[in-house]
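This report describes one protein model, part by part. Please look at the sequence and the structure before reading on.

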Amino acid sequence: MQLTPDSFKRWDETPDERFYAQPRLVTHIDDPAIAAVTQLYREYFPQTGVILDLMSSWISHLPADVTYKYVFGLGMNEQELSANPALNDWIVQNLNTTPDLPFQDNSFDGAGICVSIDYLTDPVTILRDLGRVLKPDAPLVITFSNRCFSSKVIAAWLQLDMPGRQNLVATFLEQAGNWHSIEQLDRSPNPGQTDPLVAVVARAR
Ligand SMILES: C[S@@+](CC[C@H](N)C(=O)[O-])C[C@H]1O[C@@H](n2cnc3c(N)ncnc32)[C@H](O)[C@@H]1O
């Protein structure tokens with residue numbers, strides 16, 4: 001797909017702070033899809049690692065039986081983040097206005113972005129900075145399904161099917177330039193019956 005500036009526009013261009021002011025203490029995908037995310041985190045994240053949950057909310061989908069060294073969350077709503085039992089610490093930050101991540105180079109052993117990558121208006125810049133804060137070869141697990149807040153999603157997302165969205169995310173990672181071993185996975189638990197769940201996984205250079 002040919003990407004133009006219009007590809008990154010959204011129906012609702014009001015500040016994200018307004019849209020996310022109200023806490024949403026709900027799940028955005030069904031339980032089988034959440035279990036598929038958890039399984040990916042189990043496979044890719046080192047059990048003793050420092051993990052970043054980017055675009056986080058009140059639930060991180062990390063395996064409950066694993067005690068990571070430290071889990072940091074970044075999202076838009078203070079009430080959601082403070083209710084998240086997996087997080088050791090968190091910050092409210094609008095990545096669409098402040099794309100620089102507030103972390104030192106090589107801080108994390110793994111990062112997840114669950115059902116959220118489609119809300120970023122400059123995903124390449126943010127993924128490039130995410131590559132900076134991950135240690136070399138640390139995994140990034142980006143997951144998504146077929147649901148979204150359509151008014152806040154970039155236009156390109158709404159024009160694509162699921163494989164097209166995976167290709168788009170892989171293209172963002174390639175354009176960021178500091179990722180390798182980019183994989184596209186389909187972990188849909190019960191195709192056609194419950195929420196689909198796909199992933200794009202990559203490792204920091
Ligand atoms: C559909 S929710 C998913 C939340 C969580 N990752 C999950 O799996 O349940 C989308 C999340 O993206 C985050 N988000 C949306 N726009 C954002 C922005 N501009 N900057 C930072 N985070 C954002 C919100 O905080 C929200 O929690």
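How do the residues of the shell around the ligand divide into nonpolar, polar and charged? The shell holds eight nonpolar residues, eight polar ones and one charged. In this count Ala, Val, Leu, Ile, Met, Phe, Trp, Tyr, Cys and Pro are nonpolar, Asp, Glu, Lys and Arg are charged, and the others, Gly among them, are polar. There are 17 residues around the ligand, and those that come nearest are Ser57, Gly75, Met76, Leu95 and Cys114. A residue is near a molecule or strand if its C-beta atom, placed from the backbone, lies within 6 Å of it.

The model is predicted, so local features need pLDDT of at least 70 and side-chain atom pairs count only at pLDDT 80 or more, while totals for chains, interfaces and linings use all residues. Residues are numbered from 1 along each chain as its sequence is written.

**The sheet**

Seven strands make up an open sheet with mixed pairing, in the order S3-S2-S1-S4-S5-S7-S6. Strand S3 (89–92) and strand S6 (179–186) are at the edges with a single partner strand each, so one side of each has no neighbour in the sheet. From one strand to the next the twist averages 15°; axes are lines fitted to C-alpha atoms, for helices over the stretch in contact, and angles run from 0 to 180 degrees between N-to-C directions. Helices (H or I, at least four residues) and strands (E, at least two) are DSSP runs, numbered from the N terminus. Two strands pair if DSSP finds at least two bridges between them. Strands of a sheet pair through backbone hydrogen bonds, either parallel or antiparallel.

Strand S1 (residues 50–56) pairs in the parallel sense with strand S2 (residues 70–75) over six bridges. S1 also pairs in the parallel sense with S4, here over four bridges. Strand S4 (residues 110–114) and strand S5 (residues 139–144) run parallel and are joined by four bridges. The table gives some of the bridge partners.

| Residue | Bridge partner | Strand of the partner |
|---|---|---|
| Leu54 | Leu74 | S2 |
| Asp53 | Gly112 | S4 |
| Ala111 | Leu140 | S5 |
| Gly112 | Val141 | S5 |

Ile51 stands opposite Gly110 in S4.

**Burial and the core**

A residue is buried if 20 or more other C-beta atoms lie within 10 Å of its own, exposed if 12 or fewer, and partly exposed in between, with C-beta atoms placed from the backbone. Strand S1 is mostly covered, with seven of its seven residues buried. S4 is largely enclosed by the rest of the structure because five of its five residues are buried. Gly110, Gly112 and Cys114 point one way from S4, whereas Ala111 and Ile113 point the other way.

Which residues have the most contacts inside the largest nonpolar core? They are Ile51, Leu130 and Leu140, in a core of 56 residues. A nonpolar core is a set of buried Ala, Val, Leu, Ile, Met, Phe, Trp, Tyr and Cys residues joined through C-beta atoms within 7 Å. Leaving aside neighbours within four places in sequence, Leu130 is in contact with Leu54, Leu101, Ala111 and Leu140. Contact means that the C-beta atoms of two residues, placed from the backbone, lie within 7 Å.

**Single residues**

Most residues other than glycine have a negative phi, and most peptide bonds are trans. His61 has a positive phi, near 70°, and Ser181 has a positive phi of about 55°. His61 is found in the loop between S1 and S2, and Ser181 is in strand S6. Is each of them buried or exposed? His61 counts as buried because it has 24 C-beta neighbours inside 10 Å. Ser181 is exposed, with 11 other C-beta atoms within 10 Å.

Tyr70 belongs to strand S2 and counts as partly exposed, with 14 C-beta neighbours inside 10 Å. Not counting residues up to four places away in sequence, Tyr70 touches Val50 and Asn88. Tyr70 and Asp109 are 39 residues apart along the chain, and their C-alpha atoms are separated by 10.0 Å.

Leu3 lies in the segment before helix H1 (16–19). Leu3 is partly exposed, with 15 other C-beta atoms within 10 Å. Its C-alpha atom is separated by 31 Å from that of Phe108, 105 residues apart along the chain.
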